Amino acid sequence: MSEVKIMLGNEAIARGAYEAGVKVSAAYPGTPSTEISENIVKYKEDIYAEWSPNEKVAAEVAIGASISGVRAMCSMKHVGVNVASDPLYTASYAGVNGGLVLVAADDPGLYSSQNEQDTRCVARAAQVPVLEPSDSQEAKEFTKYAFELSEKYDTPVIVRTTTRLSHSQGPVALEERMEIEDKPYEKNPAKYVMMPGNAKGRHVYVESRMKKLAEDGCDMAVNRAEYRDTSIGFVASGIAYQYVREACPDASVLKLGLVHPLPRKLIEEFASKVDRLIIFEELEPVYEEQIRSWGIACEGKELFTLQGEYSANMLREAVLKEKLEIREAAQVPNRPPILCPGCPHRSTFWILNKLKLHAAGDIGCYTLGAVPPLNVIETTICMGASISTLHGMEKAKGKDYIKNWVAVIGDSTFMHTGVNSLMNMVYNQGTGTVLILDNSTTGMTGHQDHAATGKTLQGDTVPAISIYHLCKSMGIEHVTEVNAFDVDTLERTIKEEVARDAVSVIIVTAPCALLKGQSFPNKCVAVPEKCKKCGACLKPGCPALTKQEDGTVKIDVSMCNGCGLCTQLCKFGAIEVRDAKEV
Amino acid sequence: MTKNIMIVGVGGQGTLLTSRILGGIMVEGGYQVKLSEVHGMAQRGGSVVTFVRYGEDVAEPIVEEGQADILIAFERLEALRYAHFLKPDGVIVANDQRIDPMPVVMGAAQYPENILEDLAKEHRIYQVDAQKKALELGNSRVFNIIVLGLAAKHMNFTKEQWLDVIAKTVPPKTVEINQKAFLIGYEG
């Protein structure tokens, strides 16, 4: 019997890639996809794995590896698929040599994302087949199967997962790694040079491929009609299938594994055998609209929402008409996410707030500069957009209009796509002030390296690309590096640079407080006798500080890392920095 | 019969490690297990919830409202926030700690008084000041394992099984302190 291990969905996808004989993996971190690469690197004896600067580059690395003749994979969150969509749409035409799989992790419920888009819609537009597993075991199996389909049908294949699947754990039976021979590369411009004349021919192939897949899908084991009581028949895939099994264990289910293209004949047959056909799919009505277009009567989005995650209770209420005995949730204060104690971003936002500056924001922990008590970030759209949206404002309203605006972006996001926006600002004679909050890591996703950290995913030490010199190389005269905890210098620098009639960059440096390998020798300690109860130290919103009933401030020793921001803000010497050993 | 456990707390309090130890013991016990975790933004000081389900045949990986057998809460307000997930005869195992959420810090909301006392009127509740006991042990971070030890009293596994799974799950350097922490909750 093979070994069974409890695995995260993402860990199982990584295991599937390993067992499938993958040789190259590339990704940019993004919740809920990050752990795929973090687990693939555990097989680095057999798989080359990298963090690429963004998803477009990651997809292209995988495409190149595939064309050369090995099995290759790239993984990303749903919005990363947008960044990678340029290569994806055309890789769909070019097809593959070695198997090529793109793992897309959608985020219904927006646990850590800026939108709730459905990758199945992208896949339909790109004409790429999609497999959707429903638990960890399938996450592994379907990943392996994706490579088989990719080579058999000469197509990239998307494995679609969702947050709930990626971040759930379940049993997985481990198998050996397959011995996959490298395929020879043969020059074939008609297939790999997608200029108009060649692409025209490939488009014909793409159409025939998708037609064949729709037919063959009817006999694929991943698509499975489970007949039980036929008064209700569900069509479901992914985690939604599990909710059906939980709430309606006696109902018939057509469980889809290949979710694009749909196995039409199989669905028609299933529909003819059940009295009531219910489509249970999170997010967009992708199956429902197609099934209705074939003239099959079904129910779907009139029963279930387009937003957020589904549940078994949803079925109990909407389909079984059960009256659920659920007590009302207590009315309690919200607990929104906040910047950590000792976070190096806090000082920047506190200064921007104090100076009444507006900030065009970006994607990362520092997006939390938008919420109370900092309230500084006013726009967040996508990776890299801070710099370009600020530039757009300037071009719309003039350079004086942005004299009280800055762009705020993290180091990893700057390397992702921010650098393009900065090039544009320089080239098109903008005058914006750009704050690059350099905490030496990709923070929000749990500390991944990038081109400016000097470390690779595989743990190699490499020359770090200098953000300072990168900015200088664009011809930006005013590039300043300031330590995030040198509050006075940072404030002075921001004031100077915002007033300037030229592009300027302030690189605010200090490692993420949660980054491993640091020592924090100090703790901040309140001295109640000196406290004037003014509340100045509380303004930046450090969670280690609380106001006591008598108005003085208490500092939670276990949370404080001694960053000293509160000490600098207290004019009365009522917060001291002390040796942690003595506290 | 599937059993449903929830672990709730504040991002950074170690819900993930605790749920992984729970998952590990269920596997040792021969059950089918599914866990569901929260990663990403909520881990930055937000309200976090982790689900552990075990039994003979587990379909969905989440615990839904009205279905939890045990609610392990690392913080009082979070115990209250998720109490409606409990079955009528469900048990609460709570760490008697208060962490003010930002709306309370800023004076925009009040931290409710007497949470555990009020919850005790409707549920069986077991509590521990794990923070204090962890500090006495010399490592404030292992408070979550003390709470787990208290919860473990209400599950059918032996002390040896728990200590063994802890040893397999936590980083090698921290095995001893975590086992000690567990025993404080389990035997205390």
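**Where the chains meet**

Tutor: In this predicted model, strand S8 (residues 168–173) of chain A and S2(B) run antiparallel and are joined by two bridges.

Student: Which residue is the bridge partner of Gln169(A) in S2(B)?

Tutor: S8(A) and S2(B) are joined by two bridges in the antiparallel sense, and Gln169(A) has its partner in S2(B). That bridge partner is Leu35(B).

Student: Which element gives the most to the side of chain B that touches chain A?

Tutor: The contact between the chains involves 41 residues of chain B and 42 residues of chain A. On the side of chain B, helix H1 (15–28), strand S2 (32–36), helix H2 (76–82) and helix H3 (102–105) each supply at least two residues. By class, the residues on this side of chain B are 21 nonpolar, 12 polar and eight charged. With five residues, the element that gives the most is S2(B).

**The sheet of chain A**

Student: Which strands stand at the edges of the open sheet in chain A?

Tutor: Seven strands of chain A form this open sheet with mixed pairing, in the order S3-S2-S4-S5-S7-S6-S12. A strand with a single partner has one side left without a neighbour in the sheet, so the edges are held by strand S3 (48–51) and strand S12 (258–260) of chain A.

Student: Which residue in S4(A) stands opposite Ser25(A)?

Tutor: Strand S2 (residues 24–27) of chain A pairs with strand S4 (residues 72–77) of chain A in the parallel sense, over four bridges. In S4(A), the residue opposite Ser25(A) is Met73(A).

Student: What angle does the direction of helix H1 of chain A make with that of S7(A)?

Tutor: Helix H1 (residues 9–19) of chain A packs on the sheet and touches S2, S4, strand S5 (100–106) and S7 of chain A. The angle between the direction of H1(A) and that of S7(A) is about 160 degrees.

**Helix pairs and a loop residue**

Student: Are H4(A) and H5(A) roughly parallel or roughly antiparallel to each other?

Tutor: The axes of helix H4 (residues 78–94) and helix H5 (residues 119–126) of chain A come within 10 Å, crossing at roughly 15 degrees, and the crossing is right-handed. The contact is made by His78(A), Val81(A), Ser85(A), Leu88(A), Tyr89(A) and Ser92(A) of H4(A) with Thr119(A), Val122(A) and Ala126(A) of H5(A), which by class are five nonpolar, four polar and no charged residues. Angles under 35 degrees count as roughly parallel, and H4(A) and H5(A) are therefore roughly parallel.

Student: Is Thr155(A) buried or exposed?

Tutor: Thr155(A) lies in the loop between helix H6 (136–153) and strand S7 (157–162) of chain A. Beyond its neighbours within four places in sequence, Thr155(A) contacts residues including Ser92(A), Gly95(A) and Val128(A), and the C-alpha atoms of Thr155(A) and Val96(A) are 5.8 Å apart although the two residues are 59 apart in sequence. A residue counts as buried with 20 or more other C-beta atoms within 10 Å; because Thr155(A) has 25, it is buried.

Student: Which residue classes make up the contact of H14(A) with H18(A)?

Tutor: The axes of helix H14 (residues 345–354) and helix H18 (residues 487–499) of chain A come within 10 Å and cross at roughly 50 degrees, which makes H14(A) oblique to H18(A). The contact is made by Ser347(A), Thr348(A) and Ile351(A) of H14(A) and by Val487(A), Leu490(A), Glu491(A) and Ile494(A) of H18(A). By class, these are four nonpolar, two polar and one charged.

Definitions and conventions. Residues are numbered from 1 along each chain as its sequence is written. Chains are lettered from A and ligands numbered from 1 in the order in which they are written. This is a predicted model: local features need pLDDT of at least 70, side-chain atom pairs count only at pLDDT 80 or more; totals for chains, interfaces and linings use all residues. Axes are lines fitted to C-alpha atoms, for helices over the stretch in contact, and angles run from 0 to 180 degrees between N-to-C directions. Angles under 35 degrees count as roughly parallel, over 145 as roughly antiparallel, 65 to 115 as roughly perpendicular and the rest as oblique. A crossing is left-handed if the near helix is turned anticlockwise from the far one by less than a right angle, and right-handed if clockwise. Two residues are in contact if their C-beta atoms, placed from the backbone, lie within 7 Å. Ala, Val, Leu, Ile, Met, Phe, Trp, Tyr, Cys and Pro count as nonpolar, Asp, Glu, Lys and Arg as charged, and the others, Gly among them, as polar. A residue is buried if 20 or more other C-beta atoms lie within 10 Å of its own, exposed if 12 or fewer, and partly exposed in between; C-beta atoms are placed from the backbone. Two strands pair if DSSP finds at least two bridges between them.
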